[in-house]
Amino acid sequence: MTLAQKIEATHPKKILALDGGGIRGMITVEVLKQIETLLRKELNRGSDFVLADYFDYIAGTSTGAIIAACLSLGWPVDKIRDFYRSSGAKMFDKASLLKRFKYSYEDEELKGLLRQEFGQNTTLGSPDLKTLLMMVMRNATTDSPWPVSNNPNAKYNDKSRDDCNLNLPLWQLVRASTAAPTYFPPEKITLGKTQPYPFVFVDGGITMYNNPSFQAFLMATVGPYKLNWQTGVDKLLIVSIGTGANAEANADLGPDEMNLIYNAKSIPSALMFAALNEQDLLCRVFGKCVFGHELDSEIGDLIDQNRHWPTAAKLFTYARYNAELSVKGLTDLGLPHIQPAQVQQLDSIKYVDELSEVGRAVAKKVAPEHFGGFI
């Protein structure tokens, strides 16, 4: 089925949303492997079946944008896992001492990997993309979030425009979405040919869409985006996968410790944590949540909220898979031997095996009933 056919088809639509989180994307990959395996079994399909055959729209932020692009290109999950395992260390190439005042890692290795895997000349509008694809980045030049998609109906994807987004290199958009401040340098992208205009982009995690699930729902259903997919618990499924929740609680923190260095190190992760929770909460409120961990001790997981809000009023079916990367969270997953510090950082490249183990533990929670009438 072509992308145009997927967009226009009347079958119930399926959206996959993938969080940012650096090398912790290995958690996402393991959950995706279980989903791929489950769908192959439930649909009686062979090894040639990939997630791009099932999902109509795949959205990702930062490391989620890398995985989303791979999936949209038709990669099986095993290939993505191999890519992360073989290239993880290269993605985090230490910057020189002088440059570390600006960022910790060089981006040339990452750029080279993305060009190699996606193709130097593959654009956002490439027919090689088998699904709708949305990636989130932050335009630092205009101080605004940019959720960019390959939706051919979108205003800025009009091929008659000089600055049509579909002409932009796929690898460069993915690179822009992964440009986490303090970790990597920003990415400069020039739009337009007749009147070129350069923009500076940084990681989409520094927006409200580090978890892009609710934004993907809006871009699939709200009028100006011109997809106008139908809503309803039997018409739209959203599967959201996190890279591990990592709230850095510190009961002994004193006001005098909150200096410039502390804020520079803590603000990006604080923003990402707040953003992923906000998007998750919105999806659980407006969707029928069939699976998800407890959000907090006050509102719980909202899975049983249908007794307060009839299912008929819900806009979609929703499942959320994530891990709490704390001592308690890891113990609850049956992983007391893994130390939180090993798996909490965006650049925990020494602990890829541990991250995979966390992902496989989360993946055990994936069940056919979460997909209900969408299989």
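A crossing of two helices is called left-handed if the near helix is turned anticlockwise from the far one by less than a right angle, and right-handed if clockwise; helices (H or I, at least four residues) and strands (E, at least two) are DSSP runs, numbered from the N terminus. The model is predicted, so that local features need pLDDT of at least 70 and side-chain atom pairs count only at pLDDT 80 or more, while totals for chains, interfaces and linings use all residues. Residues are numbered from 1 along each chain as its sequence is written, and side-chain values use heavy atoms, with hydrogens and water left out.

**View 1. Helix 2 against helix 3.** Helix 2 passes helix 3 in a right-handed crossing, and their axes, which are lines fitted to C-alpha atoms over the stretch in contact, with angles running from 0 to 180 degrees between N-to-C directions, come within 9 Å and cross at roughly 35 degrees. Contact, meaning heavy atoms within 4.5 Å, is made by Gly25, Thr28, Val29 and Leu32 of helix 2 and by Thr63, Ile67 and Leu71 of helix 3. These residues divide into 4 nonpolar, 3 polar and no charged, where Ala, Val, Leu, Ile, Met, Phe, Trp, Tyr, Cys and Pro count as nonpolar, Asp, Glu, Lys and Arg as charged, and the others, Gly among them, as polar.

**View 2. Helix 3 against helix 4.** The axes of helix 3 (residues 63–72) and helix 4 (residues 77–91) come within 10 Å and cross at roughly 140 degrees, which makes helix 3 oblique to helix 4. The crossing is right-handed, and the contact is made by Thr63, Ile66, Ile67, Cys70 and Leu71 of helix 3 with Val77, Ile80, Phe83 and Tyr84 of helix 4.

**View 3. The largest nonpolar core.** A nonpolar core is a set of buried Ala, Val, Leu, Ile, Met, Phe, Trp, Tyr and Cys residues joined through side-chain atoms within 4.5 Å, and buried means under 20% relative accessible area, exposed over 50%, partly exposed in between (1.4 Å probe, protein chains only). Among the 82 residues of the largest core, Ile35, Leu71, Tyr321, Val358 and Phe371 touch the most other members, and helix 2 (residues 25–42) supplies the largest share, 8 residues. Not counting residues up to four places away in sequence, Phe371 touches Ile35, Leu38, Leu39, Tyr54, Leu237, Val239, Tyr321 and Val366.

**View 4. The loop around Ser47.** Ser47 is found in the loop between helix 2 and strand 2 (57–61), and is exposed, with a relative accessible area of 61%. The C-alpha atoms of Ser47 and Pro76 are separated by 8.5 Å, although these residues are 29 residues apart along the chain.

Key
Angles under 35 degrees count as roughly parallel, over 145 as roughly antiparallel, 65 to 115 as roughly perpendicular and the rest as oblique.
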